[in-house]
Amino acid sequence: MNKRTAIVLATLILAVLGVAGTAQAAEYDFQVLNDYYNDYDAASAALATTAADGTVLFLGMEVSGSGNSVTFTFTNNVPVTNPASITAIYWDFGGNSGAFSATPSMNQSTGVSFAQITGKKLNLPEGGTIGFDAMFGIANDGDVTAGINGGEWLSITWTLAGLTYDDVVSLINSGDIRIGMHVQSLPDAPNYSSMSVVNKTPLPGAVWLLGSGLLGLVGLRRKF
């Protein structure tokens with residue numbers, strides 16, 4: 001390898017690593033809790049959930065950030081003509097609650113009105129069936145119209161103590177941190193009008209970005 005080739009490759013590697021470093025976001029799907037899922041065949045069809053594994057396709061969560069800052073952004077992409085409102089969100093921090101001790105900040109789209117749940121026991125309905133221990137929660141003011149409805153979103157940001165953004169993503173991926181939501185006003189539900197969901201394995205976005213960039217470098221190396 002001559003000097004020019006080495007310089008070009010070094011520059012490209014730094015560029016790829018820089019791009020991967022800015023892609024600090026992991027995307028997550030949600031899955032209906034087992035005890036609820038069998039009662040939601042009609043609702044699942046109406047809301048386009050995946051019948052095979054209970055993945056709720058209209059719900060999404062992005063975890064973004066860098067350093068000691070982490071932001072959770074929740075979206076509801078159900079068609080606005082269908083009722084389905086996220087009315088509460090809960091976090092099970094496992095043994096990491098101390099890292100989330102600071103008061104978080106929230107941003108919400110127009111029409112969403114959430115606040116921290118205080119003064120009562122935190123409870124993700126049916127969360128006990130999977131050992132979900134809610135340690136922090138936010139909810140609307142009791143009116144489903146103030147929940148996260150179709151086309152709406154909410155984000156909440158923590159400044160972490162003793163953990164980094166990368167640590168949080170790793171803990172979510174390993175199941176040591178879990179996020180659950182309560183969704184109400186489901187259409188055509190035969191026995192209930194609500195369901196509880198928990199996050200699934202993330203989509204490998206940032207890893208794919210880095211991997212594809214390095215593969216591109218391999219292809220470039222062969223041309224020199």
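Colleague: Before anything else, what should I know about how the model is handled and numbered?
Modeller: This is a predicted model, in which local features need pLDDT of at least 70 and side-chain atom pairs count only at pLDDT 80 or more, while totals for chains, interfaces and linings use all residues. Residues are numbered from 1 along each chain as its sequence is written, and side-chain values use heavy atoms, with hydrogens and water left out.

Colleague: Fine. How many helices and strands are there?
Modeller: The chain has five helices and 10 strands, taken as DSSP runs numbered from the N terminus (helices are H or I with at least four residues, strands are E with at least two).

Colleague: And how much of the chain is buried?
Modeller: Of its 224 residues, 43% count as buried, where buried means under 20% relative accessible area, exposed means over 50% and partly exposed lies in between, with a 1.4 Å probe and protein chains only. Among contacts (heavy atoms within 4.5 Å) between residues at least 6 apart in sequence, 78% join residues at least 24 apart.

Colleague: What does Trp-158 touch?
Modeller: Setting aside residues up to four places away in sequence, the contacts of Trp-158 include Asn-68, Val-70, Phe-72, Trp-91, Phe-100 and Phe-136.

Colleague: Switching to His-182, is it buried or exposed?
Modeller: His-182 is buried, because its relative accessible area is 13%, and this residue is found in strand S9. Leaving aside neighbours within four places in sequence, His-182 is in contact with residues including Thr-87, Ala-88, Leu-124, Pro-125 and Met-195.

Colleague: How far is His-182 from Ala-88?
Modeller: Their C-alpha atoms are separated by 5.2 Å, although the two residues are 94 apart along the chain.

Colleague: And Ser-185, where is that?
Modeller: Ser-185 is found in the loop between strand S9 (178–184) and strand S10 (194–203), and it counts as partly exposed because its relative accessibility is 25%. Beyond its neighbours within four places in sequence, Ser-185 is in contact with Pro-83, Ala-84, Val-144 and Ser-193, and its C-alpha lies 7.6 Å from that of Val-144, 41 residues apart along the chain.

Colleague: What about Ala-115, which residues does it touch?
Modeller: Ala-115, in strand S6 (residues 114–116), touches Met-106, Gly-137, Ile-138 and Ala-139, not counting residues up to four places away in sequence. Ala-115 is partly exposed, because its relative accessible area is 42%.

Colleague: Last topic: what is the phi of Glu-126?
Modeller: Glu-126 has a positive phi of about 70° although it is not a glycine. Most residues other than glycine have a negative phi. Glu-126 is placed in the loop between S6 and S7, and it counts as partly exposed because its relative accessible area is 32%.
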